[in-house]
Amino acid sequence: MKKIVLLTLVISFNLLVGDSIAQNGPRTGNTGISIIPQPLHLKTLSGKFIISSGTRIVVDNNNQDLRTIAQQLSKNLEETSGIKLPVISATSGSVKNAIVLTLKSASDTLGTEGYQLSVNAGGIVIKASNPHGVFYGVQSLNQLLPVNINKNLKTVSIPAVQITDKPRFEWRGLMLDVGRYFYSVDFIKKYIDYLAMHKMNTFHWHLTEDHGWRIEIKKYPRLTEIGAWRAGTQFSRFPGHVDKNPHGGYYTQDQIREVVAYAQKKFVNVIPEIEM
């Protein structure tokens, strides 16, 4: 079932991108570099930047939002390449051999979620007017990483590019129906990771259905004591077609808060659907 949901996520996203291109035309030409969604402007340059153990991630003036994004980037680089980069605060113009995350000098036309990403032999700079944009610039940087990284080399090569991007649509997201089938908190977090990786900003969480009530309401405990569980699942329109496999589960209020807090760090807004 989990594989089916993730496959649905990929197919739905491809249909969304295809529909967008059909309506608006392709955003850039074929550059040999794959960024999803395709950026507004992408220019390949000669050269590359080498990430090594001497590289640092630099954020403006200890900005906490940028520091959180930088720590996520550092963690991803460590997991994929084995290189652990420190996160420091400094003036962006005073550092070399660095990945700079800054809210300065970004174009006013890019809005809240747009960004500029520049890679050359001297370093990497991601500029935006808002932390949302910096976060999406980091997602593009993650996609520039090689698919297969030899951790023994302790270096990673990033192609030199200039990217300017902003989303076409303010509301970009997918719905997950946990009312019919329950998914763990860990699975929900992974789902949010995939949303954020593709620069989606909305998680529509379908929490209730006649098949199961999935959210704890302390004033009405029987909603979960009874409504969160079933003895079997009717798998077709005919009443006798029931698989007889018990199924159920629900999220406590603390778990709901945990998911919302996790999504906020990924700049994903959680939209709960609770039917009466």
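# A tour from strand to helix

Begin by selecting Q116, which stands opposite K127 in β6. Strands (E, at least two residues) and helices (H or I, at least four residues) are DSSP runs, numbered from the N terminus. This is a predicted model, with residues numbered from 1 along each chain as its sequence is written; local features need pLDDT of at least 70, side-chain atom pairs count only at pLDDT 80 or more, and totals for chains, interfaces and linings use all residues. Side-chain values use heavy atoms, leaving out hydrogens and water.

**The sheet**

Select residues 115-120, strand β5, together with residues 123-127, strand β6. These strands run antiparallel and are joined by five bridges; two strands count as paired if DSSP finds at least two bridges between them.

Now display the whole open sheet. Its seven strands follow the order β1-β7-β5-β6-β4-β2-β3, with mixed pairing. At its edges lie β1 (41-51) and β3 (87-89), each of which pairs on one side only. On average, neighbouring strands of this sheet are turned by 20 degrees against each other, direction ignored.

(Axes are lines fitted to C-alpha atoms, for helices over the stretch in contact; angles run from 0 to 180 degrees between N-to-C directions.)

Within α3, select Q139. Is Q139 buried or exposed? Q139 counts as buried because its relative accessibility is 10%. (Buried means under 20% relative accessible area, exposed over 50%, and partly exposed in between, with a 1.4 Å probe and protein chains only.) Leaving aside residues up to four places away in sequence, Q139 touches A196, M197 and K199.

Next, select N76 in helix α2 (residues 64-81). With 22% relative accessibility, N76 counts as partly exposed. Which residues does N76 touch, not counting those up to four places away in sequence? They are N142 and L145. The C-alpha atoms of N76 and N142 are separated by 8.1 Å, although the two residues are 66 apart along the chain.

**Helix α4**

Select residues 185-197. (The expected span is 1.5 Å times one less than the number of residues.) Among the buried residues of α4 are F187, I188, Y191 and L195. After this helix comes K199, with a positive phi near 65 degrees.

**Helix α6**

Select residues 253-265. Helix α6 also has 13 residues, and I256, V259 and A263 are buried in it. Viewed down the axis of α6, the buried residues fall within an arc of 65 degrees, so they line one face of the helix; the arc is that of the directions from the helix axis to the C-beta atoms. These buried residues pack against α4, β9 (202-206) and β14 (269-273). The face turned away from them carries the exposed residues D254, R257, Q264 and K265. Just after α6, F267 takes a positive phi of about 60 degrees.

**Confidence**

Finally, colour the protein by pLDDT, the predictor's confidence in each residue, from 0 to 100. The mean is 88, and 86% of the residues reach 70 or more. Over residues 17-29, however, the pLDDT is below 50; this stretch has 20 contacts in the model beyond near neighbours in sequence. Where pLDDT is low, the predicted coordinates should not be read in detail.

Technical notes. Contact = heavy atoms within 4.5 Å.
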